[in-house]
Amino acid sequence: LGRIKPDEARKLNAEIPFSTAPNPAARPFKFVGDAAALERATDCLAAAMLYEAGDDPVGERAVGQVVLNRVRHPAYPKTVCGTVFQGQERSTGCQFTFTCDGAIARIPSPAAWQRARGLASKMLAGDVYKDVGYATHYHTNWVMPYWSSSLDKVTAVDTHLFFRWPGYWGTPGAFSKQVAIPAEPAIQKLAFLSPIHRPTDELL
């Protein structure tokens with residue numbers, strides 16, 4: 001399935017029905033931590049939003065919601081930065097492609113970066129992108145990941161399809177994990193964008 005042609009992938013993805021089960025909006029995420037932790041979390045969330053969705057406010061918020069859903073789910077790391085950069089040390093197997101495929105070397109425009117940080121800041125303060133509900137996965141419609149048929153497809157945002165876990169793990173009750181704040185790690189890959197992630201930081 002990983003080598004399937006884009007047109008065939010679009011056809012196969014279209015044949016997977018959307019779930020008819022309720023798709024409630026996620027609860028607002030309220031970040032609790034010190035100023036340094038909040039800065040790091042904002043950078044990590046903004047990077048995921050911008051590199052995964054481009055300079056598109058709707059797509060960015062959809063991606064941001066998936067990240068925050070993962071942070072509150074027991075299957076993923078307990079911090080925003082840990083969740084976004086999970087698996088970054090591997091050339092394959094990273095959770096968000098931009099963290100391991102070299103895309104992060106592309107420097108965004110200052111305006112795009114600040115817009116993404118502004119949206120991320122709002123989401124860490126409770127802004128919710130309702131359409132994706134409790135989705136924890138997504139992919140573009142021109143690829144066909146091996147896992148797509150095992151999850152519930154809940155919505156589409158432009159060319160991205162969003163999925164949640166089936167059964168209890170996809171229900172609101174599963175998203176109750178307490179976030180380990182202020183343990184947000186510094187991410188060296190973001191040092192060129194934000195000084196708080198530079199190796200000289202005393203918490204590295």
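Student: I'm looking at tryptophan 169. Is its side chain buried, exposed or partly exposed?

Tutor: Tryptophan 169 has 38% relative accessibility, so it counts as partly exposed. Keep in mind that this is a predicted model.

Student: And where does tryptophan 165 fall, buried or partly exposed?

Tutor: Tryptophan 165 counts as partly exposed too, at 22% relative accessibility.

Student: How do I read a pair of aromatic rings?

Tutor: You describe such a pair by the distance of the centres and the angle of the planes. How many turn up here? A search of the whole structure finds seven aromatic pairs. Take tryptophan 147 and phenylalanine 163: their centres are 5.4 Å apart, with 90° between the planes, and the pair is edge-to-face.

Student: Which parts of the chain does that pair tie together?

Tutor: Tryptophan 147 lies in the loop between strand E1 (137-140) and strand E2 (152-157), while phenylalanine 163 is in strand E3 (residues 160-164), so the pair links parts that are 16 residues apart in sequence. Tryptophan 147 is buried, with a relative accessible area of 17%, and phenylalanine 163 is buried as well, at 0%.

Student: What about the rings of tryptophan 165 and tryptophan 169?

Tutor: Their centres are 5.5 Å apart and their planes are at 85°, so that pair is edge-to-face.

Student: Which residues form an aromatic cluster?

Tutor: Tyr51, Phe85 and Phe98 form one.

Student: What sits over the ring of phenylalanine 18?

Tutor: That's the charged end of lysine 153, 4.4 Å from the centre of the ring.

Note on methods. Residues numbered from 1 in each chain as written. Predicted model: local features only at pLDDT ≥ 70, side-chain atom pairs only at ≥ 80, totals over all residues. Heavy atoms only, no water. Phe/Tyr/Trp six-rings, centres within 6.5 Å; stacked < 30°, edge-to-face > 60°. Helix = DSSP H or I, 4+ residues; strand = E, 2+ residues; numbered from the N terminus. Buried < 20%, exposed > 50% of the residue type's maximum accessible area, 1.4 Å probe, protein only. Lys NZ or Arg CZ within 6 Å of the ring centre and 35° of its normal.
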